[in-house]
Amino acid sequence: MLDLSEQPKDENIAICKKYLEKMAPLNLWLEMEIGITGGEEDGTDNTGVDNAALYTQPEDVYDVYKTLNDVSPNFSIAAAFGNIHGVYTPGNVRLHPELLGKHQAFVSEKTDKEKPLFLVFHGGSGSTKEEIKTAVHNGVVKMNVDTDTQFAYLVGIRDFVEKNNDYLQSQIGNPEGVDKPNKNFYDPRVWVREGEKTMAARVKEACRDLGNVDRL
């Protein structure tokens, strides 16, 4: 993933092309971003960005495609359609995954290829099933759900701590007796595993949403 979305469009595309030229002989895949994902992530704050910047135009997507496709077909485009990093109250963000279909149609008309674009859904956490279904129908091959999986990981650990609180106050001594050891409860391998279980369940849910079950 090479995110140069805050750079001028021509500079973004030119740098991505240079990277892809180096990656192509190794048969590596490049994911690039055109248009800005709102919200805040990893120290980059786009919460105050102009709303228009959250929606990539078909012409910009085509400029990316024609430049990178001359180098290699192994690339995907994270085009913005109102995406926001993190989660949000329903109704506060307007995703328009149908715009991805317009990108496909625009580039298809230029290239005479059906669905020529491999698209990426950034800021997928908190999205509705219908939004995800529409995005996949329009060519999304990858969706980021970092915020949802982070919280899912926490849920398993949180629930374990709440359920076993009396066994986590000391190394020895619990409701079963003052001399009973608690190692089987405070051992990190135990409660970390609970987080892994709930996160794995969330990943499975995302795979079902994306139609990526029992498929290679």
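Student: Which residues of helix 7 are buried?
Tutor: This is a predicted model. In helix 7, the buried residues are Gly-195, Arg-202, Ala-206 and Asp-209. Seen down the helix axis, they fall within an arc of 55°, so they line one face of helix 7.

Student: What do the buried residues of helix 7 pack against?
Tutor: They pack against helix 4 (129-137) and helix 5 (146-163). The face turned away from the buried side carries the exposed residues Arg-189, Lys-204 and Arg-208.

Student: How do you know that the span of helix 7 agrees with its 22 residues?
Tutor: At 1.5 Å a residue, residues 188-209 should span 32 Å, and the end C-alpha atoms of helix 7 are 32 Å apart, so the two agree.

Student: Why does Cys-16 count as buried?
Tutor: Its relative accessibility is 1%, and buried means under 20%, so Cys-16 qualifies.

Student: And why is Cys-207 called partly exposed?
Tutor: Its relative accessible area is 25%. As for disulfides, a search of the whole structure finds 0.

Student: What makes the phi of Asp-112 worth a remark?
Tutor: Phi of Asp-112 is positive, near 60°, and the residue is not glycine. Most residues other than glycine have a negative phi. Asp-112 sits in the loop between helix 3 (98-111) and strand 5 (119-121).

Student: Why is Asp-214 called exposed?
Tutor: Its relative accessible area is 80%, and exposed means over 50%, so Asp-214 is exposed. Asp-214 is in the segment after helix 7 and has a positive phi of about 60°.

Notes
Residues are numbered from 1 along each chain as its sequence is written. This is a predicted model: local features need pLDDT of at least 70, side-chain atom pairs count only at pLDDT 80 or more; totals for chains, interfaces and linings use all residues. Side-chain values use heavy atoms; hydrogens and water are left out. Helices (H or I, at least four residues) and strands (E, at least two) are DSSP runs, numbered from the N terminus. The expected span of a helix is 1.5 Å times one less than its number of residues. Buried means under 20% relative accessible area, exposed over 50%, partly exposed in between (1.4 Å probe, protein chains only). The arc is that of the directions from the helix axis to the C-beta atoms. Contact means heavy atoms within 4.5 Å. A disulfide is a pair of cysteine sulfur atoms within 2.5 Å.
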